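Thanks for making time for this.

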Amino acid sequence: MSTNQKDKNNSINVIIPENISVDITDNQLIVTGQLGTLKKDFTTIRAYLKKVDDQINIKSFGTKKKELAMLKTVKSLITNLFSGVTEGFTYKLKLVYSHFPMTVRVENNNVYVDNFIGGKFPRIAKIVGESTVTPKDDDIIVSGLSIENVSQTAANIESCTKIKNKDLRVFLDGVYIYEKGKGQN
């Protein structure tokens with residue numbers, strides 16, 4: 001064996017916590033916990049998922065650096081699913097304005113930010129997945145089971161109030177994420 005060759009382990013295990021049931025069919029993972037059920041499709045990721053006793057075995061297709069790096073990504077995605085069905089995720093956003101007071105309302109699958117910088121028309125942000133958006137005074141609370149849906153919804157709300165073509169040091173109005181965490185409020 002030459003010094004350039006390394007024995008690389010191309011599999012990793014994730015322990016399934018108690019009170020969580022896992023079902024794997026055709027690289028689609030269904031996780032059920034006390035708060036609900038999440039489903040994640042891993043068919044586009046170059047890795048095999050297999051349930052062995054109280055663990056999930058993740059095996060990569062090869063031993064290249066990129067394929068081995070994918071193992072930890074898949075592990076992180078699975079642990080986020082476990083956290084979602086047991087605790088949930090919450091993002092908090094703050095309304096910041098200096099002169100024109102903004103108001104926020106939620107209708108259907110959209111969040112409407114009215115009177116942004118005195119604008120005539122509302123700014124609209126889309127709610128992704130099963131996320132819930134609750135406006136409270138100058139705060140907006142986004143919560144849900146999937147961290148991907150919650151974070152994307154918060155990012156949509158933040159980006160709909162982005163100010164363009166002005167000096168951002170002067171025009172500080174907007175909606176900004178100030179807290180990210182686990183647990184539902």
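Let me start with two strands: S1 and S6, the latter covering residues 55-60, pair through five bridges in the antiparallel sense. Within that pairing, Val14 has Ile56 of S6 as its bridge partner. Before going on, please keep in mind that this is a predicted model.

S1 and S6 belong to an open sheet of three strands, ordered S1-S6-S5, with antiparallel pairing. What stands at the edges? Strand S1 (11-15) and strand S5 (47-52) do, and each has a single partner strand, so one side of each is left without a neighbour in the sheet. On average, and ignoring direction, neighbouring strands here are turned by 20° against each other. Helix H1, residues 65-86, packs on this sheet and touches S1, S5 and S6. The direction of H1 makes about 155° with that of S6.

Next, the other three-stranded sheet. This one is also open, its order is S8-S9-S10, and its pairing is antiparallel. Strand S8 (103-107) and strand S10 (123-126) are the edge strands, each pairing on one side only. From one strand to the next, the twist averages 25°. Strand S9, residues 110-114, is joined to S10 by four bridges, and the two run antiparallel. Tyr112 stands opposite Ile124 in S10. Across S9 and S10 lies helix H2 (residues 147-160), which runs at about 165° to S10.

Now a hairpin. Strand S3 (residues 28-32) pairs with S4 over five bridges, in the antiparallel sense. Between S3 and S4 there are four residues, and Gly36 in the turn has a positive phi of about 160°. Opposite Lys40 in S4 stands Leu29.

Which residues of S4 are on the covered face, and which on the uncovered one? In S4, residues 37-41, the covered face holds Leu38 and Lys40, while Thr37, Lys39 and Asp41 make up the uncovered face. The background is simple: in a regular strand, side chains alternate between the two faces of the sheet.

Stepping back to the whole chain. The protein has two helices and 13 strands. Its radius of gyration is 21 Å, well over the 16 Å that the globule rule gives for 185 residues, so the protein is more spread out than a compact globule. Along the principal axes, the C-alpha atoms fill a box of roughly 70 × 40 × 25 Å. Buried residues account for 37% of the 185 residues. As for contacts between residues at least 6 apart in sequence, 58% of them join residues at least 24 apart. The accessible surface is about 11,600 Å², and carbon and sulfur atoms contribute 48% of that.

Last item: aromatic rings. How many aromatic pairs are there? The count is one aromatic pair. The ring centres of Tyr48 and Phe61 are 4.7 Å apart and the planes are at 45°, so the pair is tilted. Tyr48 sits in strand S5 and Phe61 in the loop between S6 and H1, so the pair ties together parts that are 13 residues apart in sequence. Is Phe61 buried, exposed or partly exposed, and what is the value behind that? Phe61 has a relative accessible area of 37%, and is therefore partly exposed.

That is where I will stop.

Definitions and conventions
Residues numbered from 1 in each chain as written. Predicted model: local features only at pLDDT ≥ 70, side-chain atom pairs only at ≥ 80, totals over all residues. Heavy atoms only, no water. Buried < 20%, exposed > 50% of the residue type's maximum accessible area, 1.4 Å probe, protein only. Pairing = 2+ DSSP bridges. Axes fitted to C-alpha atoms, helices over the stretch in contact; angles between N-to-C directions. Contact = heavy atoms within 4.5 Å. Rg over C-alpha atoms; globule rule 2.2 N^0.38 Å. Areas by Shrake-Rupley, 256 points an atom, 1.4 Å probe, with all protein chains shown as cover. Phe/Tyr/Trp six-rings, centres within 6.5 Å; stacked < 30°, edge-to-face > 60°.
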